[in-house]
Amino acid sequence: MGELMPGGRSASAGVSFVSPRAGADLMSGFPTGVAVITTRCPASGQPYGLTCSSLVSVTLEPPTLLVSVKSESPVLDAIHRSRAFAVNLLHEHGERAARIFSTPIPDRFDRINWEPSGASGIPWLVDDSFALAECALTETHEVGDHVLTLGRITRIDGTLQGSPLMYGLRTFASWPGRAD
């Protein structure tokens with residue numbers, strides 16, 4: 001007997017699945033904040049980074065974040081080697097950085113202003129982010145072509161000033177209002 005799906009239908013009873021494109025189209029209608037995930041190779045010191053809109057606060061005790069990273073990404077490999085990563089929350093003027101880190105160009109860090117954060121040296125995008133959370137890798141879970149990557153927050157830096165950069169309907173925008 002197949003596993004029951006929502007609505008009581010069996011997974012083996014001919015349930016059809018949607019295409020990756022249809023799934024992407026659906027999620028484009030769900031606006032979200034934009035972050036750049038950064039890390040550093042411990043052996044070479046080389047920085048790595050990628051744009052991420054799949055960020056979740058999993059728990060506050062202990063403070064833990066989840067990011068979804070493509071399985072074949074060199075960033076994921078560097079996260080595994082360093083056992084750490086940082087989440088750079090982009091502000092409304094960070095669209096250029098979001099675009100740079102969403103493409104496979106090799107010299108990403110030469111195109112933006114960054115500095116090593118704290119003792120870890122993980123890159124902080126100083127001109128493009130309003131907050132940084134450094135995380136110690138705690139666990140990973142492979143799901144399809146991505147790896148859910150969980151990290152306990154070990155350090156927070158930044159001002160939380162300005163308006164967050166948002167992404168939805170395949171467009172960047174700033175948060176429409178801020179309650180201070």
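Analyst: Histidine 91 touches Asp127, Asp128, Ser129, Phe130, Ser163, Pro164 and Leu165, leaving aside neighbours within four places in sequence; contact here means heavy atoms within 4.5 Å. Bear in mind that this is a predicted model, where local features need pLDDT of at least 70, side-chain atom pairs count only at pLDDT 80 or more, and totals for chains, interfaces and linings use all residues. Numbering runs from 1 along each chain as its sequence is written, and side-chain values use heavy atoms, with hydrogens and water left out.

The histidine sits in the loop between strand 6 and helix 3 (helices, H or I with at least four residues, and strands, E with at least two, are DSSP runs numbered from the N terminus). At 14% relative accessibility, histidine 91 is buried; the cut-offs are under 20% for buried, over 50% for exposed and partly exposed in between, with a 1.4 Å probe and protein chains only.

Leucine 165 stands opposite serine 174 in strand 12, and strands 11 and 12 pair antiparallel over 4 bridges (strands pair if DSSP finds at least two bridges between them). Their hairpin has 2 residues between the strands, and leucine 169 there takes a positive phi near 50 degrees. On the other flank, 2 bridges join strand 11 to strand 1, again antiparallel, with glycine 33 opposite methionine 166. Put together, that's an open sheet of 3 strands in the order 1-11-12. Strand 1 (32-33) and strand 12 (171-174) are the edges, each with a single partner, so one side of each has no neighbour in the sheet.

Strand 11 (165-168) also turns up in the lining of the largest pocket, where it supplies at least two residues, as do helix 1 (20-28), strand 3 (47-52), strand 5 (63-70), helix 2 (74-82) and helix 3 (95-100). A pocket, on a 1 Å grid over the protein atoms alone, is an open set of points with protein on both sides within 12 Å along at least five of seven lines, whereas a cavity is a set where a 1.4 Å probe fits but cannot get out; lining residues have an atom within 4 Å of a point. The largest pocket holds about 1,500 Å³, the volume being the space filled by probe spheres set on points that are joined across faces, edges and corners. Of its 41 lining residues, Thr51, Cys52, Ser53, Ser54 and His146 come closest to the centre. Strand 3 gives the most, with 6 residues. By class, the lining splits into 22 nonpolar, 13 polar and 6 charged (nonpolar is Ala, Val, Leu, Ile, Met, Phe, Trp, Tyr, Cys and Pro; charged is Asp, Glu, Lys and Arg; the others, Gly among them, are polar).

The second largest pocket has about 280 Å³. It is lined by 16 residues, with Leu65, Leu89, Ala133, Ile153 and Ile156 closest to its centre. Strand 4 (55-60), strand 5, strand 6 (84-90), strand 9 (129-143) and strand 10 (146-158) each give two or more residues, and the largest share, 5 residues, is from strand 4. This lining has 13 nonpolar, 3 polar and no charged residues.

Now the cysteines. There are 0 disulfides, taking a disulfide as a pair of cysteine sulfur atoms within 2.5 Å. At 4% relative accessibility, cysteine 52 counts as buried.

Most residues other than glycine have a negative phi, and most peptide bonds are trans. Arginine 83, in the loop between helix 2 and strand 6, has a positive phi near 65 degrees, and is partly exposed at 46%. The bond from glutamate 61 to proline 62 is cis, with omega near -5 degrees; proline 62 lies in the loop between strand 4 and strand 5.
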